[in-house]
Amino acid sequence: MPRLKLTVLSLRYSSWSMRPWLALTHAGATFSKETVELEHMQKQADFSKGTIDLTKIKPTPLSDRRTLGSVQGLFPVLRVDGVPIHESLAICEYVAETFPDAGLWPGDALDRAQARAISCEMVSGFATMRAELACHLYGRVPGFAPSAKTRSDIARVFELWSECLERSGGPFLFGRFSIADAMYFPVLTRLRTYGIPLAESVGDYARALDDLPAVQKLLEVASSEPRTAIYDDYLRALGGDPTRHSPPGSLIGVRHQFPCNGKSVTWRFQ
Ligand SMILES: N[C@@H](CCC(=O)N[C@@H](CS)C(=O)NCC(=O)O)C(=O)O
């Protein structure tokens, strides 16, 4: 079996890192994990006057990111005997093929195509929701009012979850746990962080995800992961508590502005 090393940003916040970590852990893979920190994310964001402008923070240069193990600047990266795979979905694909007994894709061709379709939709879509509801496994923000675009992203997530669950009969989107569930797990944590109620039709699905041993292990492992100042500051700016430890995106090259709880927030990476 090849030597597997997953390089991630802090699992407290990094939704893209959580996904392959969950796939590897659920598959029972033996792998090492290295958590790296990007210098620019540790700068205190200035949110005086109710505005966080992350564009004023100079991003960590690509050369530094590469020294830390990135390929094109982002994380996670899985190294297989030293050979890097970047892009979380490609990593999950590799895990599915290397550990076929874990059944990380549905056995039926049509189900498999649909599982891939909604996984790709996660990768390429929901930009507003991902930026506005920044991922924070433990933090909580009371009384958060999502923007209209985020509400429509959330409605689409509930729609696709409900359709998959109805067709498969649950408890996971395609019956047993698959990569599609790993891709959507961070959405569940986002909804919790910002106090957004779940549609009734997906309550059992949320419980199934919570009870999954790999998810329980993630909650345990992430509690000793490093804190990241800009993500904690974002929650504080919204009146939330980033330190609360209770079980329960970045936008690349896009400047995103939206009203949050009456505050104007600019949220942008790179
Ligand atoms: N499409 C990539 C996205 C990876 C990504 O955006 N990773 C974030 C962490 S969650 C990152 O490395 N951010 C660094 C930065 O924004 O400077 C994937 O699926 O792996």
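Leaving aside its neighbours within four places in sequence, which residues is F185 in contact with? Select F185 and have a look around: M18, L22, L209 and V215 are the ones in contact with it. Keep in mind that you're looking at a predicted model.

Now zoom out. The protein chain has 10 helices and 6 strands, and 42% of its 270 residues count as buried.

Next, colour the largest nonpolar core, a set of 65 residues. F185 is among those with the most contacts inside it, along with W21, L22, A23, I179 and A180. Helix α7, residues 179–193, gives the most to this core, with 9 residues.

Then select helix α1, residues 15–26, together with helix α3, residues 88–98. Their axes come within 9 Å and cross at roughly 0°, so α1 and α3 are roughly parallel to each other. For the contact itself, show side chains: W16, R19, P20, A23 and L24 on the α1 side, and S88, I91, C92 and V95 on the α3 side. By class, that's 7 nonpolar residues, 1 polar and 1 charged.

The crossing is right-handed. From α1, pick M18, W21, L22, T25 and H26; they meet A214, V215, K217 and L218 in α9. This contact divides into 6 nonpolar, 2 polar and 1 charged residues.

To finish, bring F185 back into view: its partners M18 and L22 belong to the α1 side of that contact, and V215 to the α9 side.

Terms used:
Residues numbered from 1 in each chain as written. Predicted model: local features only at pLDDT ≥ 70, side-chain atom pairs only at ≥ 80, totals over all residues. Axes fitted to C-alpha atoms, helices over the stretch in contact; angles between N-to-C directions. Helix = DSSP H or I, 4+ residues; strand = E, 2+ residues; numbered from the N terminus. Parallel < 35°, antiparallel > 145°, perpendicular 65-115°, else oblique. Contact = placed C-beta atoms within 7 Å. Nonpolar A, V, L, I, M, F, W, Y, C, P; charged D, E, K, R; others polar. Buried ≥ 20, exposed ≤ 12 C-beta atoms within 10 Å, placed from the backbone. Core = buried A, V, L, I, M, F, W, Y, C linked by C-beta atoms within 7 Å. Left-handed = near helix turned anticlockwise from the far one by under 90°.
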